[in-house]
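Biologist: I would like to go through this model with you. Shall we take it one contact at a time?

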Amino acid sequence: MANPFAGEVTLTMNGQRHVLKLTLGALAELEAQLGEDTLVALIARFENGAFASRDVLALILAGLRGGGWAGVKDELMQADIAGGPMEAARVAAQLLVGAFGAPEVHGARETDGAV
């Protein structure tokens, strides 16, 4: 079961449910894969709806690795994702929100000091 307060998201791949999370190590791997591109640019593409399938794939792979998946990129590229590309894009966006968005507590942001 995924814990959204810990930035975890679930994805069903090849009939098996996986928990994804962008850990520090997964983010470092993602940055390496992005090359000269930045995480800020990646986030902006998702915010503007201008992301590419390679962005979704990179985020899903990083999230799977952060969740403990030991597979390789080629396996992911051949995988059957429940919900298809739209679900993969939704999960990728949720990963970004979970990693970089301020969590809400009873309707107030934690940084507000209100609970």
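Biologist: Which residues is T10 in contact with, leaving aside its neighbours within four places in sequence?
Modeller: They are A2, R17, H18, V19, L20 and V91, where contact means heavy atoms within 4.5 Å. This is a predicted model, in which local features need pLDDT of at least 70, side-chain atom pairs count only at pLDDT 80 or more, and totals for chains, interfaces and linings use all residues. Residues are numbered from 1 along each chain as its sequence is written, and side-chain values use heavy atoms, with hydrogens and water left out.

Biologist: Is T10 buried or exposed?
Modeller: T10 is buried, at a relative accessible area of 18%; buried means under 20%, exposed over 50% and partly exposed in between, with a 1.4 Å probe and protein chains only.

Biologist: Changing topic, at what angle do helix α3 and helix α5 pack?
Modeller: The angle is about 60°, and the axes of α3 (residues 53–66) and α5 (residues 84–100) lie 9 Å apart. Axes are lines fitted to C-alpha atoms, for helices over the stretch in contact, and angles run from 0 to 180 degrees between N-to-C directions. Helices are DSSP runs of H or I with at least four residues, numbered from the N terminus.

Biologist: Which residues of α3 and α5 meet?
Modeller: From α3, V56, L59, I60 and G63 meet A88, A89, V91, A92, L95 and L96 of α5.

Biologist: And what else does L59 touch?
Modeller: Leaving aside neighbours within four places in sequence, the contacts of L59 include L22, L30, L42 and F46.

Note on methods: Helices (H or I, at least four residues) and strands (E, at least two) are DSSP runs, numbered from the N terminus.
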